[in-house]
Structures are given as structure tokens and as C-alpha cells.
Amino acid sequence: MASNSHQEPWLLENGNVKSLSKEMRHGRTAHNMSSSSLRKKSDLTLVSRVPYACLRQLLANLQEVILGTKLFVLFPAIPLAILADSYAFGRPWVFALSLLGLVPLAERVSFLTEQIAYYTGPTVGGLLNATCGNATELIIAILALKDRKISVVKYSLLGSVLSNLLLVLGTSLFCGGIANLSKEQKYDRRQADVNSLLLLLALLCHLLPMLFRYSGESDALSTAESALQLSRASSIVMLIAYAAYIVFQLWTHRQLFEAQEEPEEDGDAVEETAVIGFWSGFTWLVGMTLIIALLSEYVVATIEDASDSWGLSVSFLSIILLPIVGNAAEHAGAIIFAFKNKLDITLGVALGSAAQIAMFVVPLCVVVAWIMGIKMDLDFNILETCSLALSIIATAFTLQDGTSHYIKGLVLLLCYIVIGACFFVSKTPFNQANIINSGIKMTTEAAFRA
């Protein structure tokens, strides 16, 4: 019997099971490979006995989408979060349940974009990954912008970059090094170099508005306005650079970003097949995105209440907790592939996500805020910006020789712990952050004039 005998033609709207050709395998980026490590095969034997075709297809899609992941046990958190909000059970509970509900949803979005890529080809699939790869962070940021919680936007996006560079990469290199002590771990430096260059460009665009604010060449209001204009111009430059990166990744140098395929135990290559149809995948993707938007709105609305109830600062919740929970599935996959000594996939996940956040999501939020009439700039304040700078530099030094061992991962992981401790002890009230920052700015300007 064929390896895909469990598939039935009635699963797909067009009646055909789509196979993943060698050319189309390019559409499987490191993000797809990482998320696929948490998926499980579905047994459709019982479903195939249902006599009605429409009901059969619905049940098959439910089994593939809802039960096709090892994280399905977290799906009940979604209705519980909705009930907790509807009946005012407790806003910190709404925050916690919403975060748990976002974990499987982020993994399922990656699964659905991969399913759609089987029909659209590798190029469109790559574009979907380039835009939907960090959909959770983008939706949370836009909803926070709508509520004019600019600090939450900046903190959560900064935390996503820091967690990818230090926590995910550090844990992966450490665990991979321990699990492969007898092997020399190597990876392709070229992809790491490209992502490091993009991160350095993003760092420059973050540093200049902050340095401009402390330059003291004009009064506070004009300096803030000039820094805002500089941030908007820099955001456009970053989006152009990201567009060039997409062309580089999908067309001119796509061989650098091809994910490694796992062979079968007998040495034969795995023949990948689509398990749901194009329109089913598209419908599920829209539905999952709407649920992510709902839970993200709960997170944004209740983060301050959770901060007060748990005694943790909003900066700690946004920089540390939100990125860890929101990307738990992808991060776990990266660590699993590090155990298997597939560091190219691990680096593709960690560095690729960090570059996508820094070069696409952050500048896009600035542009969206500009359209909404909200003054959001790229000045993340001196503590946050210095943490970002040191993280990027430490990561670049770690990856410069093309080999890895557990000490490199341990150092990156310890760097993240120190940064997390810094924001943990920071007890700046959320509603006073802008006042304090203004006071620091005025004091610094006075010192420069003196």
C-alpha cells in the first residue's frame, strides 16, 4: 500500500491529493520545519466510514487542523478565555488563558500556510511565511496601537527579538551541544551572515533616533518631532531592505534558505502531501487569524491588570512573558532540531524570526501608527536599545566561525537571564513611563547645555 494510503480524495475540494515536489520543497522554510516537529499524523480510518461526503470532509479537516498537533490540549484555553471575559471571572485569568490559547494557534497558522503553499507554489508560500510567520506579534502590536499603548508595542516587539536571539538560539545551541558532544556541529554561515547584517541595520535605525534625542542641539519639542520624522524615514528604509531580502530569499539566492529534509529510516526521502484542500486551508487560516485577533485584544486589554495582580511590571510581562508564550511552538521545534544536529534549521528559525520582527513588524507598526495619527518612533529608550545592541553583537560574535558547542549556547542563555532579571527588578509604573522618560530627556539636555 502507498505511503499516503491514509489520505482519501474526498479530503480535497478538487479530488486530488497534492504531492510536494522537489521544487515545491523550497517553500518549506525553517519555520515550517520547526513547527512540523510538533505535528502528529492523523488516523482517518473512522472518519472514512462516515457516509455523507460533506460531513466526512468537515470531520477530516477538524481532525487534521485541531487534533493534528501535539499542542491540541491547549485549545480548551480559547473558550475558557472567552467565558472568563464574558462573565468577568478575573482579568488576570483572561490574560493567562489568552496567552495559553495563542500557543497552538501560532503553530496552526504555520501549518495552514504550508498547506496553502502546496497549491500556490514555493514563491507564494514563501511570501505567506514572510508575512504570517510572526502574525501573533503583529496582531498584538496593531491592537495595542489602536488602544494607544505604545509602550506595550515596543516592549513586546523588543522582547520577540531578544527571545529569538538569546533564549531560543542559546537554549538550542546549549542543548544541541550537550546532545552531540561526540560530533562537531557545523552550519552554513552564509544565511547567518545575511540575517546578522539585517539586524545590524535595524540596530542602526533604532540607535539614531535615541542618539538624536540626546544630542541637545535643539529644544525638547523640536527634537522629539525631528526624531519622529527620522524614525518614519528609517522605517521606510527598513521595509525596502526587507523587500530586497525577500527577493534575495525567494529568487536570487533561495538555495541558502532551503530547509533540510528529514529522510525516512530506510533512507528514502519523505513524500510530503497536502492533507486539506486549498479553500479549506484558506478558510481555516482566516478563522485562526480572527481568533488570534480576539485573544490578542484580551491580552492587550488585561496586561495592566495582570501586572498589578501578579506584582510584575508591564515591561517584564511584555518583554519576557509575551514572546516566550506566543512563540512556544516554534521555539520548541528549533530546540528539537538542535538535538538532531540540524543547526541550519535552528538558525533559520531564531535569526529569521528576529530579522522579520526587526525589519518588517517594527517598521510596519511605525507606518501604521503614522497612518492612524499616532506618534510612534523607533526610540526604545536607552536601557532597551542597549540590551538590543549587546544581544545582536553577542549573537554575531557567537556565529562568526560556522561551528557550535554548548558553551556558546550557555553564554547566550545567561545573557538572556541577566536581561530578564533587569526588567524583573524594574518597577517603573506603566502609566508613568512617558513622564519619567520626558524627565530624563530634559535632565540630559540641561546637562549638555551646561
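Reader: What share of the 450 residues in the protein is buried, and what makes a residue count as buried?
Author: Buried residues make up 53% of the 450 residues. A residue is called buried when its relative accessible area is under 20%, exposed when it is over 50%, and partly exposed in between, with a 1.4 Å probe and protein chains only. The model is a predicted one, in which local features need pLDDT of at least 70, side-chain atom pairs count only at pLDDT 80 or more, and totals for chains, interfaces and linings use all residues. Residues are numbered from 1 along each chain as its sequence is written, and side-chain values use heavy atoms, with hydrogens and water left out.

Reader: How many helices and strands does the protein have, and what makes a run count as one?
Author: The secondary structure comes to 16 helices and two strands. Helices (H or I, at least four residues) and strands (E, at least two) are DSSP runs, numbered from the N terminus.

Reader: Why is Arg148 called exposed?
Author: Arg148 has 55% relative accessibility, and the cut-off for exposed is over 50%, so Arg148 counts as exposed. Arg148 sits in the loop between helix H6 (135-146) and H7. Its phi is near 60°, a positive value in a residue other than glycine.

Reader: How does the reach of helix H14 (residues 382-398) compare with the expected value?
Author: H14 has 17 residues and reaches 24 Å from its first C-alpha to its last, close to the 24 Å expected.

Reader: Which helices do the buried residues of H14 pack against?
Author: They pack against helix H7 (150-179), helix H8 (189-213), helix H13 (343-371) and helix H15 (406-425). Among the buried residues of H14 are Glu384, Leu388 and Ile392.

Reader: What share of the contacts in the protein with a separation of 6 or more comes from residues 24 or more positions apart?
Author: Such residues account for 84% of them, where contact means heavy atoms within 4.5 Å.

Note on methods. The expected span of a helix is 1.5 Å times one less than its number of residues.
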